[in-house]
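Here is a quick walk through a two-chain model, written for someone who likes the cut-offs spelled out. Have the viewer open while you read.

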Amino acid sequence: MTATRDLTDLTSREVGLPVDGGPGGDRGAGWSGRRFWALLALVAVGWTLWSAGVGRQEIVNPGGWTLLARFWRAALDPQLSGEFLRRTWDASLTTVAFAVLGTALSVAIGLVAGVLTSETWWRRTRGGRRPGWLAGRALLGLPRGTHEAVWGLFLVNVLGRDPMVGVLAIAIPFGAITAKVYAELIDEAAGGPYDVLRAAGAGRVVALAYAVLPRTLPDMVSYAFYRFECSIRSAVILGMIGAGGLGLELNLAFQGLAYREMWTLIYALVAVSAVADLWGATLRRRGTPRRIRTSLLAGGALVVAGAVHLGPDLGRLVSARTRSLLADVAARAWPPRPPADGWGGLVSRSLDTVEMSLLAVAIGGSLAVVAAFVAARGGETPGRRAVALAARLALLVTRAIPPPVWALLVLFVLFPGPFPGALALGIYNFGILGRLMAEAVENLEPAPGAALAALGASPASVFAYATLPLSAGRFAAYGLYRWEVAVRETVVVGVVGAGGLGRLLEQQRAAFDYQGMLATVLALVAVSVVVDLISASARRAIR
Amino acid sequence: MVLALRGVRVVYGRHPALDGFDLDVAAGERVALVGPSGAGKTTVLRLCTGGVQPSAGRVEVLGHDLGTVTPEELRAVRRRVGTVYQQLNLVGPLRVVHNVNAGRLGWWTRRRAVRSLVKPAEVDVARAALARVGIADKLHERTDRLSGGEQQRVALARVLVQEPELILADEPVSSLDPARAEEVMDLLGEVVADRGRTLLVSLHDFGLARRRCDRVVGMRAGRVVFDLPAGDVTDELGVELYRIG
């Protein structure tokens with residue numbers, strides 16, 4: 001028995017879905033529901049491919065292959081001069097510091113807001129409090145629906161070039177997501193013991209601390225470390241838009257087409273991501289209370305070290321200058337104004353964004369399904385285990401390299417448009433989904449497959465009759481979950497000219513068109529909300 | 001002999017689950033394994049399908065020494081041995097027809113097995129098996145949407161279509177109330193009687209073992225305490241077997 005849950009269970013809570021387990025009953029539409037959604041997904045992906053011009057027009061730019069080849073050749077020859085290594089080391093520290101402080105702050109936000117938005121907190125009190133719960137939940141929707149990069153662009157206008165921009169850009173959206181997950185965990189663990197303490201006269205905080213917190217702590221820590229993994233990746237992306245660290249260095253190296261320097265930075269990225277991912281995965285697989293305590297202490301030490309390294313100017317958050325800049329940005333952004341081709345143009349770009357995200361998840365997801373079975377731990381022969389390790393390494397590299405870099409690489413050989421953007425996001429999501437799915441495969445219950453092997457089924461039949469059907473539901477749930485994230489991520493590939501709302505946002509930013517930016521951000525939020533709703537009903541139907 | 005275990009020793013970690021264990025089961029016999037939790041009953045059953053390897057001794061199933069068989073031979077033995085599990089071990093997201101057909105996987109080619117997932121093969125056989133256990137109308141439902149009792153029947157139907165010579169049952173009724181337990185034992189008895197099959201079943205319920213089987217083997221701490229015809233088993237033996245300490 002592991003101490004903590006696996007990731008489907010935890011990530012399901014990000015969108016507020018009931019977690020699986022327990023017998024049937026209210027399981028929704030059944031086969032027809034599954035078939036309907038599968039068909040819909042196929043049609044949607046087909047439409048997306050067609051409208052991206054695959055098979056209809058020239059999308060490959062043959063001239064770019066030599067550049068791409070030069071980039072890959074540099075992998076064997078990274079820049080290892082002492083000066084550049086020092087610079088890389090420094091940038092790595094900055095990125096880790098952003099991620100650590102961002103995670104710490106989002107966990108703090110998550111704890112407070114999680115308690116305040118839990119049903120448990122509002123339960124059994126006099127009338128008039130229930131609206132408080134609804135208002136809390138609704139309030140968390142906006143920060144959750146907006147990508148870290150968008151927050152970064154906004155904050156840099158208000159705070160100027162300050163490390164707090166990177167930290168807050170991570171902490172605001174992640175804090176809202178964490179609050180959602182923590183609220184769900186609290187509500188699930190509340191029940192009996194909490195009510196007993198409340199009935200005995202304990203206050204809400206005391207009752208939570210004694211009856212609920214001890215039971216939810218392992219899951220909360222486990223989720224915090226999953227968020228830390230995500231924060232590292234976000235910190236790199238924020239670096240690329242100017243916050244500093246590995247992302248910024250990577251951007252500079254790319255602009256100078258300095259491939260050897262790029263590879264040094266990429267190796268640093270992979271190393272940092274590997275440590276974060278391994279840490280989180282170890283806690284999920286073998287999270288003994290002692291390991292959790294040690295991890296918490298180490299995390300605390302990292303927070304202090306990160307704060308010292310970045311030296312953020314907290315005074316600036318509340319300074320008069322910040323307040324006036326905030327008022328200024330607000331005044332210049334209101335009212336929102338559509339781009340030159342009107343609201344219709346905004347709608348068509350929103351569709352582009354949806355297409356890109358769909359295509360990205362279709363590409364990344366289908367590759368990830370194959371990779372998951374190759375990469376899952378628990379192979380029986382040494383050769384099989386070596387292959388699995390190599391696959392996990394490949395997945396690590398694909399998700400450690402941020403989507404904007406993938407987009408720039410893809411643009412070497414493809415003509416600009418939504419397709420290269422989708423491909424870049426697809427490669428990146430392949431790394432993330434492959435890893436999530438491999439973990440799901442490792443966590444499959446072994447008994448049904450063993451039962452089939454015991455009645456003489458061949459390994460291939462065991463795979464087809466047990467492993468695949470048992471994992472398909474989780475795979476689909478992960479795919480939908482990443483689709484929701486991918487919609488928000490289209491912003492970061494849009495920034496490099498890959499199309500959709502992200503590209504528009506970048507053009508408006510370059511032109512200081514704040515009213516236009518507000519309209520685009522609102523469109524992005526609207527698209528995320530619609531996608532979340534579709535995804536949530538699909539997930540409910542296929543459970 | 002359908003089953004011959006000689007001087008078998010199985011060790012999990014440092015703790016021996018079975019030590020010097022002997023058991024012979026002849027064709028058509030119905031044998032119950034009884035004894036307290038941790039006596040090694042499940043280990044005996046797992047030995048019979050090669051799920052556990054003994055560290056000493058010999059396990060012979062249907063004339064094959066499982067210590068020396070090739071993987072192909074092991075598969076050939078396994079498809080002649082059907083198992084009913086306490087946890088059922090069905091694949092929940094698959095439709096009932098596929099879970100029943102899974103009993104045929106030892107016989108089918110890989111190609112046939114995969115094709116059947118798209119267009120179910122031998123549907124009539126599966127439907128007849130489900131009719132035998134009383135749930136013919138559930139053929140196309142998703143297995144995890146059935147009630148616990150219905151899923152138990154699916155597991156029995158899977159054994160039926162497998163047509164095994166030896167049936168192993170690991171605590172098939174210990175999570176059921178007495179009335180349902182009798183019902184499942186009736187069905188299991190029918191499946192066994194069908195072709196004069198051999199049954200080796202582990203049971204907690206002493207009375208059930210005496211009524212339903214020809215022979216009762218009492219186990220404690222990995223050893224045989226008694227091995228008697230069901231008629232000769234007394235209540236005192238049972239009290240002694242389950243004594244604590």
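How many residues does the contact take from chain B and from chain A? The contact takes 27 residues from chain B and 23 residues from chain A, where two residues are in contact if their C-beta atoms, placed from the backbone, lie within 7 Å. On the side of chain B that touches chain A, the elements giving two or more residues are helix H2 (71-78), S6 and helix H4 (110-118) of chain B. H4(B) supplies the largest share, four residues. Sorted by class, that side of chain B has ten nonpolar, ten polar and seven charged residues. Here Ala, Val, Leu, Ile, Met, Phe, Trp, Tyr, Cys and Pro count as nonpolar, Asp, Glu, Lys and Arg as charged, and the others, Gly among them, as polar.

Some ground rules. This is a predicted model, where local features need pLDDT of at least 70, side-chain atom pairs count only at pLDDT 80 or more, and totals for chains, interfaces and linings use all residues. Residues are numbered from 1 along each chain as its sequence is written, while chains are lettered from A and ligands numbered from 1 in the order in which they are written.

Now for chain B as a whole. Chain B has nine helices and ten strands; helices (H or I, at least four residues) and strands (E, at least two) are DSSP runs, numbered from the N terminus. Its C-alpha trace spans about 55 × 45 × 35 Å along the principal axes. Of the 245 residues in chain B, 47% are buried, meaning that 20 or more other C-beta atoms lie within 10 Å of a residue's own, with C-beta atoms placed from the backbone. Among contacts in chain B with a separation of 6 or more, 67% join residues 24 or more positions apart.

Six strands of chain B make an open sheet in the order S6-S7-S8-S3-S9-S10, with mixed pairing; two strands pair if DSSP finds at least two bridges between them. Strand S6 (81-85) and strand S10 (223-229) of chain B are the edges, each pairing on one side only. Two of the pairings look like this:

| Strand pair (chain B) | Sense | Bridges | Residues facing each other |
|---|---|---|---|
| S3 (residues 30-34) and S8 (residues 198-203) | parallel | five bridges | B:Ala32 and B:Val201 |
| S9 (residues 215-220) and S10 | antiparallel | six bridges | B:Val216 and B:Leu228 |

The hairpin of S9(B) and S10(B) has two residues between the strands, and B:Ala221 takes a positive phi near 50 degrees there.

Over in chain A, helix H21 (residues 500-510) is mostly covered, with eight of its eleven residues buried. Among the buried ones are A:Leu501, A:Arg503 and A:Glu506. The cover includes helix H15 (342-375), H18, helix H20 (459-494) and helix H22 (514-542) of chain A. Just after H21(A), A:Phe512 takes a positive phi of about 55 degrees.

Why does A:Ala422 count as buried? Because A:Ala422 has 34 C-beta neighbours inside 10 Å. Beyond its neighbours within four places in sequence, A:Ala422 is in contact with A:Ala52, A:Met356, A:Leu359, A:Ala360 and A:Ile363. A:Ser357 is 65 residues from A:Ala422 in sequence, yet their C-alpha atoms are 6.4 Å apart.

Definitions and conventions. A residue is buried if 20 or more other C-beta atoms lie within 10 Å of its own, exposed if 12 or fewer, and partly exposed in between; C-beta atoms are placed from the backbone.
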